[in-house]
Amino acid sequence: MPGDQATGRTRPTRRQLLFGGAVAGFGAAAAIGADQALRLATPVAEQGRADAHNTDTHNTDAHNADAPSGTDVVPFYGTHQSGIATTPQAHATLVALDLRDGIDRDALRRLMQLLTDDAARLTQGEPALADSEPELALVPANLTVTFGFGPEFVRRASTAPTAAMTSNEAPAWLCPLPAFGIDRLEPGWSDGDLLLQIASDDPFTVAHALRMLLKDTRSFATVRWTQPGFRRARGSEATGTTMRNLFGQVDGTVNPAPPTLDFEQLVWIREGAFAGGTGMVVRRIRMDLDKWDRLDRSGREQSVGRTLANGAPLTGVEEHDEPDFAAKNAAGFPVIAEFSHLRRARSENTAERFFRRAYNYDDAPTGEEISNSGLLFIAFQADVDAQFVPVQKRLDELDLLNEWTTPIGSAVFVVPPGCADGGYIGEGILR
Ligand code: HEM
């Protein structure tokens, strides 16, 4: 693996890392016991390297059900960053950082080289350099680390000679979303200069990766917000089961699926410095479970237009049945109400679609409330203004779900493309 001249950091081989070729690696090997470390690290690391440059969709079904799944890896290197088309892992923590004053383009390059190196190792089940708890890195459990840049990151990355300026042009949509009437946004859950989405099937792995990565950001940035989220534990349900949210709804049925052409066209940016990347919208949406408790089952189903049992449209039987918006009930009203979330979220313009990859959150309740829960709504699309905003505008105007949901955080990032071994995330604008 080539050394990284610009940072003065080199990527030692696994053998050097484990047997003392690198200063930090020596500590790691000594701490684990070299034999054990080599035994544990070998299959994971080699599996990951062999798959490098593949697309990042991993297939959890391929795994032998009897074997521990902690050593499963998602390739880090490739055209696109992992963690987007990747089958959603059970746990994800999103952390947004604010850049410190004085962090300029050169510093951003060093930062991204450091973080890329950490992520490349950790995702393949290898300790990060100077990993203080190297044993914890040996269970990646499909760990992915996805980086997104906020407007300020791209602005600082662009303060370069004119030649770089033109190729660095930030997408026009890279700014806070328009204000919506339903929003009750809190600055503590909004915006940010650099986004890390750390996802794994094991929350322990997420915690370790988060700590390792944040250690390396310390002199460059401060944490603005951290949002952990979860889905069902891996193995609880068959792979491919659509997730449920804390309202009990099947959430994610109509969603462009990787690796289809439809997904590729909707999600990946095709031109410019961010080609191969995507736009990322993060909305923290509070779901008032205490109020939802007062709604009967029929009301709950009408709010979306789908059944709670299996997520079928109210005019159908199976989850993926096509809804019949023309169907009327005995009283002559549409079976799927005009104000239902399903009807309002679906655009006649098929270009106004995006990929949803959400997680649930469940915080400690405060005061008299029983629940403090909601959705980390995460949407990926090539063009936030053209694809996401029109849908959010319609939901802002009318959506029965708004009775029980309130957006309290909002952020927009551009996710740069992936990189090859020896490169780093963000090199398209920082090189
Ligand atoms: C906490 C807030 C939300 C909840 C609980 C929620 C829940 C749901 C549920 C249960 C479905 C039906 C199943 C499915 O196709 O996924 C759905 C569909 C959908 N939602 Fe949401 N949603 C929320 C917020 C949003 C937001 C903010 C947007 C975009 C601005 C959005 C866009 C969509 C879209 C595009 C669909 C698919 C519509 C179609 O069938 O074409 N949702 N949502």
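In the predicted model, the second largest cavity is lined by Gln249, Val250, Arg300, Glu301, Val304, Arg306, Thr307, Leu308 and Gly311. The volume of this cavity is about 50 Å³. By class, its lining is made up of three nonpolar, three polar and three charged residues. Across the whole structure, the search returns three cavities of 30 Å³ or more.

Among the open sites, the second largest pocket has a volume of about 920 Å³. Its lining comprises 39 residues, of which His341, Ala345, Arg356, Phe377 and Leu395 are the closest to the pocket centre. Several secondary-structure elements contribute to this lining: strand 5 (278–287), helix 11, strand 8 (372–381), helix 12 (384–397) and strand 9 (405–415) each supply at least two residues. The largest share, four residues, is provided by helix 12. In terms of residue class, 19 of the lining residues are nonpolar, 11 are polar and nine are charged.

The iron atom of the ligand has His341 as its only protein donor, through NE2 at a distance of 2.0 Å. In the secondary structure, histidine 341 belongs to helix 11, which spans residues 341–345. Helix 11 is itself among the elements that supply at least two residues to the lining of this pocket.

The largest nonpolar core contains 70 residues, and those with the most contacts inside it are Met112, Phe149, Phe153, Leu194, Ile198 and Phe388. Helix 4 (residues 105–123) gives the largest share of this core, namely nine residues. Because residues of the core come from both domain 1 (11–164 + 190–237) and domain 2 (287–412), the core lies between these two domains. More generally, nonpolar side chains tend to be buried together in soluble globular proteins.

Arginine 244 is located in the loop that connects strand 4 (221–230) with helix 8 (261–267). With a relative accessible area of 32%, arginine 244 is classed as partly exposed, because this category covers values between the limits of 20% for buried and 50% for exposed residues. The C-alpha atom of arginine 244 is separated by 8.6 Å from that of asparagine 360, although the two residues are 116 residues apart along the chain.

Technical notes:
Residues are numbered from 1 along each chain as its sequence is written. This is a predicted model: local features need pLDDT of at least 70, side-chain atom pairs count only at pLDDT 80 or more; totals for chains, interfaces and linings use all residues. Side-chain values use heavy atoms; hydrogens and water are left out. On a 1 Å grid over the protein atoms alone, a cavity is a set of points where a 1.4 Å probe fits but cannot get out, and a pocket is an open set with protein on both sides within 12 Å along at least five of seven lines; lining residues have an atom within 4 Å of a point. Grid points are joined across faces, edges and corners, and a volume is the space filled by probe spheres set on the points. Ala, Val, Leu, Ile, Met, Phe, Trp, Tyr, Cys and Pro count as nonpolar, Asp, Glu, Lys and Arg as charged, and the others, Gly among them, as polar. Donors are N, O and S atoms within 2.8 Å of the metal (3.2 Å for Na, K and Ca); water is not among the atoms, so sites may look incomplete. A nonpolar core is a set of buried Ala, Val, Leu, Ile, Met, Phe, Trp, Tyr and Cys residues joined through side-chain atoms within 4.5 Å. Buried means under 20% relative accessible area, exposed over 50%, partly exposed in between (1.4 Å probe, protein chains only). Domain bounds come from an automatic or database domain assignment.
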